[in-house]
Amino acid sequence: MSETWVENTSTFDRVKSVALTLSEPRSAAWVGSEAQVAENTARNHLERLADLGVLTATTTEQGAAYAPDPVYTRSQDIRELVDGRTEDELAAVAADVQEELQGYRETYDADSPEALRASVADADRTPDAARERLEAASDWEYARYRLSLLRDALDHYDTYTSSRSASA
Amino acid sequence: MTPDGSPDAGAERHRILRQLRQQLEQRPAVESARGQTDGGYAEVTARIEPNSFGRPADSGTLRLVCHPNPDVADGDGRPDPAGPSVAGPRTNFGAMFKLHYSETGGYDYGFHNEPNAHVDGWFHFQERPDPNTEYDYEPATLDARTPTAALWELLDLLANRL
């Protein structure tokens, strides 16, 4: 565990950051242990983040479990994407990402990231080739998500930027 | 979510790397950090003050890559965290990742968790004095169970190496 982390961040910051990098729901005790924060303190922070819509809270046999709220996360992603960019700039990026996606299909002769990932299991694949294919599958999934954000941003550009235009 | 209802791996990668960029900005020695490419988080790069790492170079760069769900088949060479057969427990979460430092002058080193032909299992340290020299590799261990805690632990390990 990192003492530098404790010295340079608050308990709230550590709990929030650990919670927002979770891949599955976790309890306050689990998050507190990972964030080097007392369980009760972690629970207070997590409940506050759930109240704010940053996290979701589900009830389990062991008590509440917390995970990133997908709606909050996506709204953050779109806000960051449209910030300071024109519709034309976003459309140009979308065209680049579409080209990138086509490149994965042609380079690896696969229809999807899942198919590309499945090809890693071929027995004659070297570790370097396996790494390259795993990275490409992840990059492919990321490009697909990024294109969905760009399309959302372009479809609702006026809505997402209206308050900034009004205050400019 | 994907059409089959599973979590969107691309969304998870974006979410995690944005958090890690924010954490990097709180680390002493990090001058700035940003997602790449512009407006995205396929990876994060950070400008480092080399003197804070005890290095004499003019400038340094950290490159952080994280693939949260490699979802690889068995038999890929990844060590079993519960099994001591491959240099003991090595990492406690499934992401494939790398945190790599490089500086003007050519020296570079970093921690990588990925398939490789140089050590048993995935997680290792690699270092070379300049781009014309082969890397040295050695197995490494990591206690963290989440990307955020792993980042700070890795930064400590990087600093301790110098």
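This is a predicted model: local features need pLDDT of at least 70, side-chain atom pairs count only at pLDDT 80 or more; totals for chains, interfaces and linings use all residues.
The expected span of a helix is 1.5 Å times one less than its number of residues.

**A helix in chain B**

Helix α1 of chain B covers residues 9-24, 16 residues in total. From its first C-alpha to its last, α1(B) reaches 22 Å, close to the expected 22 Å. How many of the residues of α1(B) are buried? The count is 15 of 16, so the helix is mostly covered, given that buried means under 20% relative accessible area. At the start of α1(B), B:Asp8 brings a side-chain oxygen to within 2.8 Å of the backbone nitrogen of B:Gly10.

**Chain A as a whole**

Chain A holds nine helices and two strands. Along the sequence they follow the order α-α-α-α-β-β-α-α-α-α-α. Chain A has 168 residues, and 42% of them count as buried. Among contacts in chain A with a separation of 6 or more, 61% join residues 24 or more positions apart.

**Where the two chains meet**

The size of an interface is often given as the accessible area lost when the parts come together. Here the area buried between chain A and chain B is about 3600 Å², and carbon and sulfur atoms give 51% of that. Chain A brings 38 residues to the contact, while chain B brings 45 residues.

There are 27 residue pairs in polar contact between chain A and chain B, with both residues at pLDDT 80 or more. The elements of chain A that give two or more residues to the side touching chain B are α1 (3-8), α2 (11-19), α3 (28-35), α5 (70-82) and α8 (127-155). Of these, α8(A) gives the most, with 12 residues. By type, the residues on this side of chain A divide into 15 nonpolar, 11 polar and 12 charged.

The count of salt bridges between chain A and chain B is six. One of them joins the side chains of B:Arg145 and A:Glu34, at 3.2 Å from N to O.

Is A:Asp152 buried or exposed? Its relative accessibility is 15%, so A:Asp152 counts as buried. Leaving aside neighbours within four places in sequence, A:Asp152 is in contact with A:Arg74, A:Ile78 and A:Tyr160.

B:Gln126 lies in strand β6 of chain B. Its relative accessible area is 6%, and B:Gln126 is therefore buried. Beyond four places in sequence, the contacts of B:Gln126 include B:His100, B:Asp108, B:Tyr109 and B:His112. Among the others are B:Tyr135, B:Asp136 and B:Tyr137.

B:Thr133 sits in the loop between β6 (123-128) and β7 (136-139) of chain B. At 32% relative accessibility, B:Thr133 counts as partly exposed. B:Thr133 and B:Gly106 are 27 residues apart in sequence, and their C-alpha atoms are 10.0 Å apart in space.

Methods. Residues are numbered from 1 along each chain as its sequence is written. Chains are lettered from A and ligands numbered from 1 in the order in which they are written. Side-chain values use heavy atoms; hydrogens and water are left out. Contact means heavy atoms within 4.5 Å. Buried area is the accessible area (1.4 Å probe) that two parts lose on being put together, summed over both. A salt bridge is a side-chain nitrogen of Lys or Arg within 4 Å of a carboxyl oxygen of Asp or Glu. A polar contact is a pair of N or O atoms within 3.5 Å; within protein, one must be able to donate a hydrogen and the other to accept it, and residues adjacent in sequence count only if both atoms are side-chain atoms. Helices (H or I, at least four residues) and strands (E, at least two) are DSSP runs, numbered from the N terminus. Ala, Val, Leu, Ile, Met, Phe, Trp, Tyr, Cys and Pro count as nonpolar, Asp, Glu, Lys and Arg as charged, and the others, Gly among them, as polar. Buried means under 20% relative accessible area, exposed over 50%, partly exposed in between (1.4 Å probe, protein chains only).
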